[in-house]
Amino acid sequence: MNRKAVDGFNFLSKQNALRIRNMVRVYSSFQSSKRNSKVAHRGMPISISIEPTTSCNLRCPECPSGLRSFTRPTGMMKPELFESVIDQLAPTLSYLIFYFQGEPYLHPQLLKMVRQAANKKIYTATSTNAHYLTEEAARKTVESGLDRLIISIDGTSQETYQSYRVGGKLDKVIEGTKNILRWKKELKSKTPHVIFQFLVVKQNEHQIQEVKALAKKLGVDEVKLKTAQIYDFENGSELIPSIDKYSRYKKNANGLYSIKSGLLNECWKMWHSCVITWDGRVVPCCFDKDGHYVLGDLSKNSFKEIWEGDRYNEFRQTLISSRSEIEMCRNCTEGAKVFA
């Protein structure tokens, strides 16, 4: 069976009647809200991202964690906070991503948290720069029940790789990948589904075919080519690819850049998902890296109170009325292609 199909079947196998009913409620309420331009939200999140930590070992140029430029504090999620979240959401939650900012494997309890979610039959994923996938960590990752492992690999030579992954070592990425794949085989496990994620920028666009060949050689399950978000894109950036297909931005006649995709007054993410930061703050999506739009605090309210509260619904209403009023949405390419 095709590896993507195996992963898809694995996801479907974890769903039950309650989760499927929740998906239908959320999707139907989103469509109703779009049609009527008025928020009518029903259901709990289908997917959430949890931030194990904001700490990171690398210094990537378009990442607040890498640049050490956060205005919010750096820290690690406490196990009791995670347990509270998972207990509240597990009945209807289908997909849990252990990643927002930072390197998840720096959290000493990451794989314990994965195991707790896996025991509740939630599809789990994380994204890593793979520098901490030692033999022991790789074995524990496979044993944890993690369903999907995204490995960032933005170059097939050290020179190209480090041009974006500043401070990183390509040989560590390849070594960590081999460790995971070896332990999958050793333990006769179908998971995690291993993905090489290649962030296409001008410096590495010439190595797209090479990363596909490397993935095939190693036995990686899938390669995803991702377009890069640039914070200050209007005057251009040395990171914007010259291959137009892989750029989120276009150059206009006046020499300035703009986002290719139009800014529609809708956002599916605001109905089906959210992000929970390491310290328990609920923010609307992965574009709010600095937590400017905090919609609730789990130390003060339950998740359901936040998710169904006035502040969240007012935010959703702004999205479907005049999305351009929300600063972070102006550089959002929700719906932009991820190329396989």
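Reader: What makes Glu136 and Lys140 a salt bridge?

Author: In this predicted model, the closest N and O atoms of Glu136 and Lys140 are 3.0 Å apart. A salt bridge is a side-chain nitrogen of Lys or Arg within 4 Å of a carboxyl oxygen of Asp or Glu, so the pair qualifies. Residues are numbered from 1 along each chain as its sequence is written. Local features need pLDDT of at least 70, side-chain atom pairs count only at pLDDT 80 or more, totals for chains, interfaces and linings use all residues, and side-chain values use heavy atoms, with hydrogens and water left out.

Reader: Why is Glu136 called partly exposed?

Author: Its relative accessible area is 46%. Buried means under 20%, exposed over 50%, and partly exposed in between (1.4 Å probe, protein chains only), so Glu136 falls in the middle class. Lys140, with 39%, is partly exposed too.

Reader: Where do Glu136 and Lys140 lie?

Author: Both are in helix H6 (residues 135-144), four residues apart, about one turn of the helix. A helix here is a DSSP run (H or I, at least four residues), numbered from the N terminus.

Reader: How do you know that Arg139 and Glu143 form a salt bridge?

Author: Their side chains meet at 3.0 Å, N to O, and that is within the 4 Å limit. Arg139 and Glu143 are also four residues apart in helix H6. Arg139 has a relative accessible area of 25% and Glu143 has 35%, so each counts as partly exposed.

Reader: How many salt bridges does the structure hold?

Author: There are 16, including one between Asp279 and Arg281, with the closest N and O atoms 3.4 Å apart.

Note on methods
Helix = DSSP H or I, 4+ residues; strand = E, 2+ residues; numbered from the N terminus.
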